[in-house]
Amino acid sequence: MTSTLTISHLTKAFGGVKALSDVSLSVAPGERVALLGHNGAGKSTLMKVILGLIAADGGEISVCGAAPGNAQARAHVAYLPENAAFHSALTGLEQITYYMRLRNEDISGALPLLDRVGLAHAANRRIGTYSKGMRQRVGLAQALIGHPSLLVLDEPTSGLDPVSRRDFYELLDGLAADGAAILLSSHALTEVEARTDRLLILSGGRLVAKGTLPELRREAALPVSMQIHAHETHEAEIMAALPAAVRMNNAIHLTCGQDEKLTTLAQISALQGKVADLDVIPPSLEDIYSHFSRRDGQ
Amino acid sequence: MIARILATAKTEIHIARRNRWVLIAVLLMVVFSLVLSAAGSAPTGALGADRLSVLVASLTSLSVYLVPLVALLMSFDAVAGEVERGTLPLLLTYPVARWEILAGKLVAHTTILIVAICAGYGAAAAVAIVADPTAVSGLIALWRLTWTSVLLGATFLGIGYALSSLAGRVSGAAGLAIGLWLGLVVLYDLGLLAAVVADNGGRFTTTVFPAALLANPADAFRLFNLTASQATVAASGVGGAANAIAPWQSLLSIMVWPLIAIGVAAVAFRRVEP
């Protein structure tokens with residue numbers, strides 16, 4: 001299957017400062033890709049280039065087979081900006097109706113669409129009276145208009161409560177299952193860990209890592225940490241058997257490289273009867289993210 | 001294309017109605033027109049013109065200030081407001097051309113202007129005709145004033161959009177709009193009059209002055225309405241110079257200015273980077 005979004009060797013600078021350098025990526029239909037990075041890493045710039053809002057300095061971009069920002073591309077791409085803003089004098093229904101008209105969609109679907117994001121009860125209230133979470137839902141509703149082939153979502157869950165977040169990701173799963181390609185940026189790392197197919201890490205305008213979480217985990221080769229609770233009297237013996245272990249908060253902590261994991265576990269199981277409990281803690285997404293972001297000198 | 005322009009127009013009318021702009025524009029026009037109609041009723045007999053024709057001359061002097069002001073007030077926020085609210089980037093990712101967005105706003109704001117102008121002039125004309133039934137002979141002049149007022153309004157709407165695109169911020173756009181209104185509508189004439197007085201019938205008065213009047217959309221509007229309705233007798237100051245300029249010249253200026261202003265606005269809006 002050909003990719004919905006393909007970017008190769010994209011470069012963009014603002015007045016001599018490189019915002020993006022040599023970025024290459026692709027998003028296939030039905031794929032959910034998370035874009036991670038610090039503030040200022042270039043996430044929003046990358047999204048704006050994809051949307052055709054700002055022009056790239058170099059590189060090639062294909063959005064649904066067209067150049068970014070041209071009419072054909074815009075007809076197939078939906079965008080949810082960070083902190084979605086709307087005119088406060090309009091009602092939610094008027095705003096969505098307007099966007100549907102611009103996309104040449106039947107406006108009778110406006111109310112069902114607001115219902116889909118849980119805003120039907122506020123449809124006839126002015127957006128000026130909405131909370132941040134409600135405005136974000138209006139933003140989400142407009143991104144669902146028509147059947148976009150590519151959704152570009154800039155921190156879509158900021159301002160949403162945990163339940164709304166779960167509903168949001170369920171909506172995304174449905175869209176991806178229907179073949180939409182999804183590129184979303186987020187700060188909530190644990191959230192995208194479970195809900196996306198692939199991760200891209202942007203740091204200082206460079207794509208420093210891309211792949212599935214297990215792939216990134218392997219590549220980062222971060223140490224695994226283990227926490228051992230000893231039966232009261234055996235603590236000293238365990239400490240003696242595991243020279244690398246340290247005592248902390250009534251537990252014994254041990255870290256080892258990925259390739260030493262099984263050997264270490266074998267050592268611990270040899271201490272059967274002395275160990276009350278064992279937790280193996282793989283490196284978290286935060287650890288992996290920091291590893292890749294920092295590697296670039298940030 | 002038409003559907004997208006109308007969609008934008010409809011939304012803009014919703015916004016203008018909620019922000020009370022429709023009400024403000026209509027009230028301004030009606031109140032001032034009625035005041036003029038009451039105040040201007042005295043000199044009728046002396047001039048030998050019908051009451052409505054005299055009213056048209058007064059309304060021309062009023063509209064030359066009021067229509068540009070209302071148009072600028074409605075338009076200065078058009079682009080800068082979208083930029084400042086952060087609504088522009090999202091709008092520009094929709095399959096709608098920038099000129100279509102601008103055209104939609106223009107349709108909405110022009111519609112509101114038409115409503116306000118018709119309400120204002122209509123109210124004043126109704127009063128005049130009730131008081132003096134022979135005044136119906138002045139309806140042609142009133143009709144001419146109405147459509148030229150709309151064109152004058154469209155010119156200043158275009159200028160407002162252009163300023164709004166160039167300023168980038170709402171406060172800056174508001175300042176530019178007020179400055180431009182003062183310059184084109186008030187100071188321009190004062191400057192010209194001062195120059196004419198100083199020149200004392202020399203080359204400036206015969207060649208530069210008529211061209212300078214035609215170059216200003218507000219002056220062209222005033223000239224055309226005063227010469228065409230032959231109400232120059234009732235006019236003084238700049239209007240008195242109207243005899244030197246043929247009506248087709250001022251008409252051309254009135255017709256061309258909206259195109260220039262809207263064209264400049266479209267170019268300025270294209271250069272806005274969200």
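1. In this predicted model, the contact between the two chains draws 23 residues from chain A and 20 residues from chain B. On the side of chain B that touches chain A, two elements give two or more residues each: α1 (2-18) and α6 (88-92) of chain B. Helix α1(B) provides the largest share of that side, namely seven residues. Sorted by class, the side of chain B that touches chain A holds ten nonpolar, six polar and four charged residues.

2. The secondary structure of chain B consists of twelve helices and zero strands. Followed along the sequence, the pattern of chain B is accordingly written α-α-α-α-α-α-α-α-α-α-α-α. The radius of gyration of chain B is 20 Å, close to the 19 Å given by the globule rule for 274 residues, and chain B is therefore as compact as a globular protein of that length.

3. Further values describe chain B as a whole. Along the principal axes, its C-alpha atoms fill a box of roughly 60 × 50 × 30 Å. Of its 274 residues, 48% count as buried. Among the contacts in chain B with a separation of 6 or more, 82% are accounted for by residues 24 or more positions apart.

4. One helix pair to examine is α11 (residues 217-228) with α12 (residues 247-270) of chain B, whose axes come within 8 Å and cross at roughly 140°. Angles over 145 degrees would count as roughly antiparallel, so at this crossing angle α11(B) is oblique to α12(B). The crossing in which α11(B) passes α12(B) is left-handed.

5. The residues behind this contact can be located on both helices. From α11(B) come B:Pro217, B:Ala220, B:Phe221, B:Leu223, B:Phe224, B:Thr227 and B:Ala228. Helix α12(B) contributes B:Pro247, B:Ser250, B:Leu251, B:Ser253, B:Ile254 and B:Trp257. By class, the contact of α11(B) with α12(B) contains ten nonpolar and three polar residues, with no charged residues.

6. A second pair is formed by α7 (residues 98-131) and α8 (residues 139-167) of chain B; their axes come within 9 Å and cross at roughly 145°. The crossing of α7(B) and α8(B) is right-handed.

7. Residues of α7(B) in this contact include B:Leu102, B:Leu106, B:His109, B:Thr110, B:Leu113 and B:Ile114, and also B:Ile117, B:Cys118, B:Tyr121 and B:Ala125. They meet residues of α8(B), among them B:Leu142, B:Leu145, B:Thr146, B:Ser149 and B:Val150, together with B:Gly153, B:Ala154, B:Leu157 and B:Tyr161. The contact of α7(B) with α8(B) divides into 14 nonpolar and five polar residues, and no charged residue takes part.

8. Most residues other than glycine have a negative phi. A:Cys64, a residue other than glycine, has a positive phi near 50°. This residue is placed in the loop between β4 (58-63) and α2 (71-76) of chain A. With 21 other C-beta atoms within 10 Å, A:Cys64 is buried, because the cut-off for a buried residue is 20 or more.

9. The other position is B:Arg20, where phi is near 70°, again a positive value in a residue other than glycine. B:Arg20 lies in the loop between α1 and α2 (21-39) of chain B. Is B:Arg20 buried or exposed? B:Arg20 counts as exposed, having 11 C-beta neighbours inside 10 Å, since a residue with 12 or fewer is classed in this way.

Conventions:
Residues numbered from 1 in each chain as written. Chains lettered and ligands numbered in written order. Predicted model: local features only at pLDDT ≥ 70, side-chain atom pairs only at ≥ 80, totals over all residues. Contact = placed C-beta atoms within 7 Å. Helix = DSSP H or I, 4+ residues; strand = E, 2+ residues; numbered from the N terminus. Nonpolar A, V, L, I, M, F, W, Y, C, P; charged D, E, K, R; others polar. Rg over C-alpha atoms; globule rule 2.2 N^0.38 Å. Axes fitted to C-alpha atoms, helices over the stretch in contact; angles between N-to-C directions. Parallel < 35°, antiparallel > 145°, perpendicular 65-115°, else oblique. Left-handed = near helix turned anticlockwise from the far one by under 90°.
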